[in-house]
Amino acid sequence: VAVDSKGSNLTLVSCKPYSNGDKNYIKAEILLEEKRELKEKEYNLNSLTKEALQTTSKQFKAKGTQKVTHVLDRGFDDFKIFEYIQEELNDKFIIRLKSNRNSNEKDEETKKYKKLKNKTYKNSFKKYYDNLTFKGKYYQDAVGNFEYEEIIIEGNKYFIVKVSFYTRNKTAIFKDPMLLITNYNVITDDI
């Protein structure tokens, strides 16, 4: 689905129905276990995702779009997808991360890696909203708290952004902070 950033138009760009019960659908775990790649007619979620991302990117670029940004949910929290979008498609992305994702920072006491949602980030700022609607609820005088930090994964630079919203009474609007990863160079004005 494509969203017009200057309006409210939605357009279906790519759709490919599939079944994981199909004899040609091969789970990623099986490929790892058998130490092999997909064969010619075989496919899996990863190959379907890459195909859809490539189709979308090509369609927009063919129409003269200079910058394509893929906005994806937690199911696409995968370093192979980040790398594919950045390196192969030369596009930008913003992907919501799974809330249980670990950071590369260890807790001093437990010696376990800290969860990204519990980590303190190097940079932060607040943004104030006169009106905010979330899941059908209306909030006045809400506050957005944005924390972010640059990370390097396998030589590629990304930014992790932790987003929390609060009511004017300082009650959290989200149960857990929203975690995002992006290949945009995050500057407070760009969020």
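Figure 1. Lys61 is partly exposed, with a relative accessibility of 34% (partly exposed lies between buried, under 20% relative accessible area, and exposed, over 50%, with a 1.4 Å probe and protein chains only). This is a predicted model, in which local features need pLDDT of at least 70 and side-chain atom pairs count only at pLDDT 80 or more, while totals for chains, interfaces and linings use all residues. Residues are numbered from 1 along each chain as its sequence is written, and side-chain values use heavy atoms, with hydrogens and water left out. Lys61 makes a salt bridge with Asp91, and their closest N and O atoms are 2.7 Å apart (a salt bridge is a side-chain nitrogen of Lys or Arg within 4 Å of a carboxyl oxygen of Asp or Glu). Lys61 sits in helix H2 (residues 45-62) and Asp91 in the loop between helix H3 (79-88) and strand S4 (92-96), so this pair ties together parts that are 30 residues apart in sequence. Asp91 itself is buried, at 4% relative accessibility. Helices (H or I, at least four residues) and strands (E, at least two) are DSSP runs, numbered from the N terminus.

**Figure 2. Arg96 meets Asp73.** Here a salt bridge joins Arg96 to Asp73, with 2.7 Å between the closest N and O atoms. Arg96 belongs to strand S4 and Asp73 to the loop between strand S3 (69-72) and H3, so parts that are 23 residues apart in sequence are tied together. Both ends of this pair are partly exposed: the relative accessible area is 25% for Arg96 and 40% for Asp73.

Figure 3. The side chains of Arg168 and Asp141 come together in a salt bridge at 3.2 Å, N to O. Arg168 lies in the loop between strand S9 (156-166) and strand S10 (178-182), and Asp141 in strand S8 (residues 137-153), so the pair links parts that are 27 residues apart in sequence. Asp141 is partly exposed, at 39% relative accessibility. The whole structure has ten salt bridges.

**Figure 4. Tyr18 against Tyr43.** The structure contains 13 aromatic pairs (rings of Phe, Tyr and Trp, its six-membered ring, with centres within 6.5 Å; planes under 30 degrees apart are stacked, over 60 edge-to-face and the rest tilted). In this view Tyr18 and Tyr43 pair edge-to-face, at 6.5 Å centre to centre and with 85° between the planes. Tyr18 is partly exposed, at a relative accessible area of 42%, whereas Tyr43 is buried, at 14%.

**Figure 5. Phe125 stacked on Phe146.** Ring centres 5.1 Å apart and planes at 15° are why Phe125 and Phe146 count as stacked. Phe125 comes from strand S7 (residues 123-134) and Phe146 from strand S8, so the pair connects parts that are 21 residues apart in sequence. Phe125 and Phe146 are both buried. Ring pairs join Phe125 and Phe146 into a cluster with Tyr129, Phe134, Tyr148, Phe165 and Phe174.

**Figure 6. Two lysines over tyrosine rings.** The charged end of Lys92 sits over the ring of Tyr184, 5.5 Å from its centre (NZ of Lys or CZ of Arg within 6 Å of the ring centre and within 35 degrees of the ring normal). Lys119 likewise lies over the face of Tyr121, 5.0 Å from the ring centre.

**Figure 7. Ile95 and the nonpolar cores.** The largest nonpolar core has 18 residues, of which Ile95 and Ile181 touch the most other members (a core is a set of buried Ala, Val, Leu, Ile, Met, Phe, Trp, Tyr and Cys residues joined through side-chain atoms within 4.5 Å). H3, S4, S8, S9 and S10 are the elements giving two or more residues to this core, and H3 provides the largest share, four residues. Beyond its neighbours within four places in sequence, Ile95 has contacts (heavy atoms within 4.5 Å) that include Leu72, Phe76, Ile81, Ile85, Leu179 and Ile181. A second, separate core of 14 residues has Ala142, Val161, Phe165 and Phe174 among its members.
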